[in-house]
Amino acid sequence: MQLKLYNSLTGEKEIFKPILEGNVGMYVCGPTVYSNVHLGNVRTFLSFDFIYRTLMHLGYKVRYVRNITDAGHLTDDGNVDNDRFVKQTRLEKLEPMEIVQKYTVDFHKVLEMFNLLPPNIEPTATGHIVEQIELTQKLIERGFAYESNGSVYFDVLEYNKRGLNYGELSKRNIEELFANTRDLDGQGEKKNPQDFALWKKASPAHIMRWNSPWGEGFPGWHLECTAMSTKYLGEKFDIHGGGMDLKFPHHECEIAQGKACNDIAPVNYWMHANMLTMNSQRMSKSTGNYILPMQLVTGENDFFEKPFHPSIVRFCFLQAHYRSVLDISNDAMIASEKGFIRLMEAMKVLNSITPDNGKQSEFNLQEWKNKCYDALNDDFNSPILIAHLFEAVKYIFALNDGKETISSEDLEDLKSTLHAFIFDVLGLQNIEENNNEKLDQTLKVLIELRNQARKSKNFDLSDQIRDKLLAEGIELKDGRDGTTYVLN
Ligand code: AMP
Ligand code: ZN
């Protein structure tokens with residue numbers, strides 16, 4: 001069985017051949033940390049978490065790099081004073097690095113909630129200014145970039161004159177691009193409207209600024225990913241991922257920068273995850289058509305009739321292939337919840353099955369395993385894998401009803417295989433339905449003990465109970481009707 005993956009660059013499913021056998025270098029564009037991640041952002045990161053987990057399960061040693069964009073991402077109007085961070089700084093009356101910290105913490109919390117594994121390296125744009133300046137210098141030296149009024153631009157026309165092909169990933173024709181681009185970013189500084197910024201001069205009001213050979217400024221967004229992927233994965237690496245919307249211009253520019261710097265295409269396989277939609281419209285902050293992950297989990301929103309556990313959201317996402325659009329809706333979530341509960345029930349039932357070595361079963365375990373691996377190897381096909389898991393679920397319930405048999409060897413194999421697929425590869429988590437109830441009972445006991453301590457004037461102990469719970473994010477509130485608690 002060979003792993004095949006869809007390469008956006010060629011538009012074909014290709015057999016995956018890593019540069020270094022058994023090893024994978026994978027770079028995924030991370031978030032721009034100037035606001036809370038919405039559920040759409042989560043889908044893209046979750047798709048690559050599944051790909052990362054699958055690669056590891058298939059035996060690859062993966063170096064997974066996902067950056068944090070904490071500088072240099074302008075708003076769509078390209079105005080230097082509308083840098084996303086600077087704008088947010090004004091809005092929230094915080095320092096730029098406070099904005100960065102606040103939303104990086106939120107990003108990590110959200111991904112942890114959905115059981116995403118952390119990448120091996122998580123570099124930041126601001127931590128790699130030196131590398132970005134060096135790359136810009138190199139591009140100027142090689143004749144691919146020029147300085148203009150304190151900013152530096154990549155010369156797209158020059159790139160194409162040398163036989164390189166700007167537009168190869170997004171399949172755009174350069175002449176068309178030239179004809180259709182309005183010069184918003186650059187205000188007459190560029191030779192051609194399609195040229196993109198490697199370094200931008202900071203206006204006096206721009207607070208995120210660094211010294212450079214071209215004066216004070218800040219790096220362009222596309223450059224940071226080239227700088228960080230090259231530094232940690234080399235001039236050429238295996239997989240580069242991101243959301244579909246990053247194909248152009250971001251990834252197109254990364255290819256151009258890489259080729260212009262090192263004379264080789266930087267990436268072998270470009271992978272793009274498709275979008276999450278809601279009400280059939282792409283989820284996006286700017287249109288207001290979005291939901292925050294926490295709102296779905298707590299139920300505090302106008303779209304869904306009840307709250308959903310993060311693992312059910314994860315399951316719902318993985319029921320769609322990463323290259324398909326997924327429309328999230330109340331019905332889809334309810335259906336996923338049902339499926340998820342049945343899957344977990346089957347796992348519980350499996351523990352109580354007694355093997356029978358004498359009888360032959362209709363269910364061919366080896367064949368079933370092969371089908372599951374075929375799904376994984378076929379461009380990370382999670383919905384097909386899940387469909388196969390439900391064949392096993394059916395078999396487990398038939399075993400439980402005494403309508404099927406399994407040998408002791410197969411039983412152990414089925415248990416470990418299902419465990420690996422469900423928990424390691426899909427990254428689902430078992431939800432103990434009565435977890436909340438148990439927590440509630442435990443807290444009531446603690447509140448009771450604290451009350452007893454207070455009655456006997458042992459305030460040391462009662463304060464300790466309160467403070468220790470608070471340190472764990474559980475706040476006790478004393479009111480007229482007794483003590484209640486709030487989970488923070
Ligand atoms: P940003 O922080 O805007 O750079 O976005 C972070 C990631 O989320 C990028 O890879 C985007 O492609 C991705 N993304 C944005 N909107 C959606 C959406 N509606 N569905 C899936 N991914 C998205
Ligand atoms: Zn990027």
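Helices here are DSSP runs of H or I with at least four residues, strands are runs of E with at least two, and both are numbered from the N terminus. On that basis the protein chain has 16 helices and 15 strands.

Ground rules next. This is a predicted model, where local features need pLDDT of at least 70, side-chain atom pairs count only at pLDDT 80 or more, and totals for chains, interfaces and linings use all residues. Residues are numbered from 1 along each chain as its sequence is written, chains are lettered from A and ligands numbered from 1 in the order in which they are written, and side-chain values use heavy atoms, with hydrogens and water left out.

Overall picture. The C-alpha trace spans about 75 × 70 × 40 Å along its principal axes. Of the 488 residues in the chain, 53% are buried. Buried means under 20% relative accessible area, exposed means over 50%, and partly exposed is in between, with a 1.4 Å probe and protein chains only.

Let's go to the metal. Which residues coordinate the zinc ion, ligand 2? They are Cys29 through SG, Cys225 through SG and His250 through NE2, at 2.0 to 2.2 Å. Along the chain the donors follow the spacing C-x195-C-x24-H. Cys29 sits in the loop between β3 (23-28) and α1 (39-57), and His250 sits in helix α8 (residues 247-262), so this pair ties together parts that are 221 residues apart in sequence. A donor is an N, O or S atom within 2.8 Å of the metal, or 3.2 Å for Na, K and Ca; water is not among the atoms, so sites may look incomplete. Is Cys29 buried or exposed? Cys29 is buried, at 5% relative accessible area. His250 is buried too, at 1%.

Stay with α8 for a moment. Pro249 is found in that helix. A cis peptide bond joins Phe248 and Pro249, with omega about 0°.

Back to β3. Five of its six residues are buried. β3 pairs with strand β4 (residues 61-66) in the parallel sense, over six bridges. Two strands pair if DSSP finds at least two bridges between them. Tyr27 stands opposite Val65 in β4.

Now ligand 1. There are 15 residues around it, and Gly40, Thr44, Asp245, Leu276 and Met283 come nearest. To count as near, a residue needs a heavy atom within 4 Å. Which element gives the most to this shell? That is α1, with four residues. By class, the shell has six nonpolar, seven polar and two charged residues. For those classes, Ala, Val, Leu, Ile, Met, Phe, Trp, Tyr, Cys and Pro are nonpolar, Asp, Glu, Lys and Arg are charged, and the others, Gly among them, are polar.

Polar contacts to ligand 1. The term covers a pair of N or O atoms within 3.5 Å; within protein, one must be able to donate a hydrogen and the other to accept it, and residues adjacent in sequence count only if both atoms are side-chain atoms. A nitrogen of ligand 1 is 2.8 Å from a polar backbone atom of Met283. A backbone N or O atom of Gly40 lies 3.0 Å from a nitrogen of the ligand. An oxygen of ligand 1 is 3.1 Å from a polar backbone atom of Gly243. Taken alone, ligand 1 exposes 490 Å², and the protein buries 91% of that. The areas are Shrake-Rupley values with a 1.4 Å probe; for residues, only the protein chains shown count as cover.

Next, a three-stranded sheet. It is open, ordered β12-β11-β13, with mixed pairing. The edge strands are β12 (281-282) and β13 (326-328), each pairing on one side only. β11 (residues 276-278) and β12 run antiparallel over two bridges, and Met278 stands opposite Gln281. Ser280 is in the loop between β11 and β12. Its phi is near 60°, a positive value in a residue other than glycine. Ser280 is exposed, at 64% relative accessible area.

Another positive phi: Asn149, near 55°. Asn149 lies in the loop between β5 (145-148) and β6 (151-154).

Last stop, the hairpin. β14 (residues 474-479) and β15 (residues 482-487) are antiparallel, joined by six bridges. Two residues lie between these strands. Gly479 has Gly482 as its bridge partner in β15.
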